[in-house]
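Thanks for coming. I will go through one structure today, taking a sheet and its helix, then the ligands, then the other chain.

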Amino acid sequence: MISDRLLAEFDSIVRNYPVRRSALIPILLTTQEHLGYLSDESIAAIARYLNLPAIDVYEVVTFYSMLRRHPVGKHHIQVCTNISCLLLGGEEIFERVSKRLGIKEGETTSDGQFSLAEVECLGACCNAPAMQVNYTYYNDLTAEKVDQILQALQKPEER
Amino acid sequence: MPTVTINQKSLTVPEGTTIIQAAEQLNIEIPRYCYHPGLSIAGSCRMCLVEIEKMPKLQPACNTRVTDGMVVTTQSPKVKEAVSGVLEFLLINHPLDCPVCDQAGECYLQEYYMKFGLHDSRMNENKIKRHKAEVIGPHVILDTERCVLCSRCVRFVREVSRSHEIGIFNRGGQSEIRLLPDQVLDNNYSGNVVDICPVGALTDRDFRFQCRVWYLSKADSVCNGCSRGCNITVEANRQRAHHGEGRRVMRLKPRFNKEVNRWWICDIGRYGYKFIDDPSRLIQPLEKQGDELEPLDWSTAAERAVGRIREAKQRGGAGSIVIVASPQLTNEDLFVTRKFFGVDLGIDQIDFRIPDKNTLSDDDFLLRADRNPNTRGAEAILLDGGGFDLQRIIESASTQSFGLLYLCEQDLVKKLGSEPARRFLGQFDYVIYQGSNENETSGLANLVLPAATYAEVNGTFTNFEGRVQRIHAGIEPLGDSLPAWRVICKLAQTAGFDYGYESAAEVFVELAQTVTEFEGLSYEKIGSEGMKLPETQPVPA
Ligand code: SF4
Ligand code: SF4
Ligand code: FES
Ligand code: FES
């Protein structure tokens with residue numbers, strides 16, 4: 001279900017565009033931010049909201065790998081293995097994360113805390129190897145650095 | 001208007017014409033996957049690349065408009081290399097399962113590979129595996145491995161059927177045709193995606209593994225499914241009797257007619273051919289003996305029919321005979337019906353209109369509520385000047401009694417309901433049924449005369465707009481059945497009227513001379529596209 005608050009956000013996004021359907025991608029991103037992923041239900045609601053056939057929305061959602069049709073963990077770890085990172089050990093970083101968390105590419109830990117993705121260039125080549133956890137960048141990674149980052153994230157939250 | 005030169009041939013075309021359209025007029029073949037004249041231009045497959053003088057790069061012919069003085073070549077080494085390269089990419093992950101693919105023989109991967117490819121495979125990597133043989137709707141099956149992602153099917157459901165079931169999901173090498181989760185391709189035009197798919201990705205469930213396409217013979221015809229009169233080809237297997245369980249007609253395909261159906265037909269029409277080879281076909285004359293219908297030969301049957309007609313006439317006059325023709329019959333059939341019963345026997349109670357209790361409706365595209373191909377023709381041929389009201393007899397449930405009913409190709413039990421049909425038929429001492437298939441109504445007749453189906457005869461139908469269109473026999477009349485006009489001629493001859501028609505064409509000549517609305521028409525003028533009945537000129541005041 002799309003909440004009234006989210007709907008209000010849609011309304012304000014739509015106002016930025018001369019053509020209603022142009023608001024599709026920003027609306028998808030906003031929805032994903034709020035709900036974690038784009039469910040079939042959300043997609044149907046967005047299609048209705050924008051007067052688009054649902055199939056058009058699916059085409060867009062499946063085209064962009066950063067739009068997700070399935071939930072991910074609380075910490076979505078995206079490790080770059082594109083050329084600069086690869087040359088500087090990106091694959092090893094990926095393996096390190098994978099082993100420590102016990103999950104493979106595209107998987108989520110059973111406690112729902114972490115998920116892991118292998119991604120293309122994050123635009124951080126000058127500080128390669130790089131990874132991104134949700135919207136936070138971590139650069140110049142080493143095995144030790146990765147361990148520290150994960151440890152910090154694994155700490156039970158203070159209440 | 002710009003003049004373009006393609007492969008040294010020049011042509012002047014209207015502003016806005018694309019290179020691919022101009023080439024078509026010059027009979028120059030430019031290969032294409034995404035381009036289809038009935039859909040918007042995608043310009044995505046790059047099969048149609050051509051070289052244009054003064055342009056550094058090759059251009060897609062489907063998406064480039066002709067300008068004045070443009071010089072195009074489709075045969076330079078550069079073009080050949082590019083087109084063969086595009087094909088090579090398309091074939092990288094293609095499963096090459098032609099031996100089990102229904103499209104083989106009419107597949108544009110095969111066709112273009114032979115014409116523009118002929119390269120050896122250079123791929124050592126494994127092919128990407130995808131979804132195969134997915135049933136995606138009541139009529140269509142999808143094989144994503146064979147798909148070349150031309151997007152024709154996507155544009156069809158977006159622009160023509162406007163049903164939006166299909167899309168291209170994912171990106172790059174992962175792209176593939178998919179439907180919405182839990183949705184099926186189910187609209188009355190779904191079969192058309194099979195026709196426009198240039199490869200074997202979308203195939204027809206009805207035709208699946210029935211027959212190799214090279215065994216099919218094709219006859220130009222017109223759909224009998226409704227009064228639109230969509231142009232079709234009837235495709236029959238006459239070479240491999242053991243295929244498709246002996247069925248002769250294997251499929252119907254749309255035939256382009258700009259004025260009627262363009263490239264499309266509806267599913268009701270497309271799959272409505274099954275009655276032609278159905279076991280319910282009437283293949284010999286039958287006569288009721290007690291409760292059973294017993295076979296008899298044509299000359300005995302004709303004598304029996306004519307004898308009964310004479311008897312009824314002698315006893316109760318022409319007014320005791322009712323003729324119910326059918327809007328399923330051709331103009332030629334109807335004309336001979338009118339000539340024999342109306343003119344020569346003087347029977348004026350002739351009609352064809354049976355009210356249908358099953359209310360049908362138009363869809364918003366081709367399909368018409370009137371599910372008969374020749375209502376307009378029947379009106380023109382049978383009703384001019386006739387004041388007979390069949391409806392009144394049917395509805396009044398009169399206790400009036402008649403001598404004889406001659407009923408053609410109408411299942412009264414289905415249309416009126418069992419009880420009203422029996423009541424109506426009960427008013428007649430003798431009922432003759434002429435038709436192609438056995439049904440509950442034919443079962444109630446005293447004499448049954450087997451007629452050919454539209455796929456087995458030559459003739460014409462007149463669609464709701466008054467367009468007269470020709471149909472051609474694709475197969476022989478089954479068993480002893482005869483084209484309806486020949487059935488009537490047989491009766492006429494037995495009654496002493498020899499019309500001497502050798503063919504439907506000869507009937508039409510006389511029809512055009514006799515029936516005012518058809519004046520001036522001929523098979524030549526009708527041609528393959530049909531011709532509208534000349535408008536009745538308004539009388540000047
Ligand atoms: S299924 Fe056929 S029509 Fe549709 S995109 Fe693929 S090749 Fe083209
Ligand atoms: S619209 Fe009518 S004439 Fe055309 S295919 Fe359908 S049933 Fe046949
Ligand atoms: S290659 Fe990894 S950030 Fe650019
Ligand atoms: S036919 Fe021109 S790009 Fe596909």
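Let me start in chain B, where helix α8 (residues 331-344) lies across β21 and β22 and runs at about 95 degrees to β21(B). Helices (H or I, at least four residues) and strands (E, at least two) are DSSP runs, numbered from the N terminus. Contact is counted when C-beta atoms, placed from the backbone, lie within 7 Å. The angle, on a scale from 0 to 180 degrees between N-to-C directions, is taken from lines fitted to C-alpha atoms, for helices over the stretch in contact.

This is a predicted model: local features need pLDDT of at least 70, side-chain atom pairs count only at pLDDT 80 or more, and totals for chains, interfaces and linings use all residues. Residues are numbered from 1 along each chain as its sequence is written, with chains lettered from A and ligands numbered from 1 in the order in which they are written.

Back to the strands. They belong to an open, antiparallel sheet of 3 strands in chain B, ordered β21-β22-β23. At its edges are β21 (459-462) and β23 (531-532) of chain B, each pairing on one side only. Pairing requires at least two bridges found by DSSP between two strands. β21(B) and β22 (residues 467-471) of chain B have 4 bridges, in the antiparallel sense. One residue to look at is T460(B), whose bridge partner in β22(B) is R470(B).

Now the ligands. What surrounds ligand 2? There are 14 residues, and the closest are C223(B), G225(B), C226(B), C230(B) and G269(B); a residue counts if its C-beta atom, placed from the backbone, lies within 6 Å. By class, this shell has 8 nonpolar, 4 polar and 2 charged residues. Cys counts as nonpolar here, and Gly as polar. Ligand 2 lies between domain 2 (98-277) and domain 3 (286-532) of chain B, because both give residues to its shell. The domain bounds come from an automatic or database assignment.

Ligand 1 has 13 residues around it, with C147(B), C150(B), C153(B), C197(B) and A201(B) nearest. Its shell divides into 11 nonpolar, 1 polar and 1 charged.

Last, chain A. It is divided into domain 1 (4-63) and domain 2 (75-154), and the C-alpha centres of these two domains of chain A lie 29 Å apart. Mean pLDDT (the predictor's confidence in each residue, from 0 to 100) is 95 for chain A, and 97% of its residues reach 70 or more. Where pLDDT is low, the predicted coordinates should not be read in detail.

Notes:
Two residues are in contact if their C-beta atoms, placed from the backbone, lie within 7 Å.
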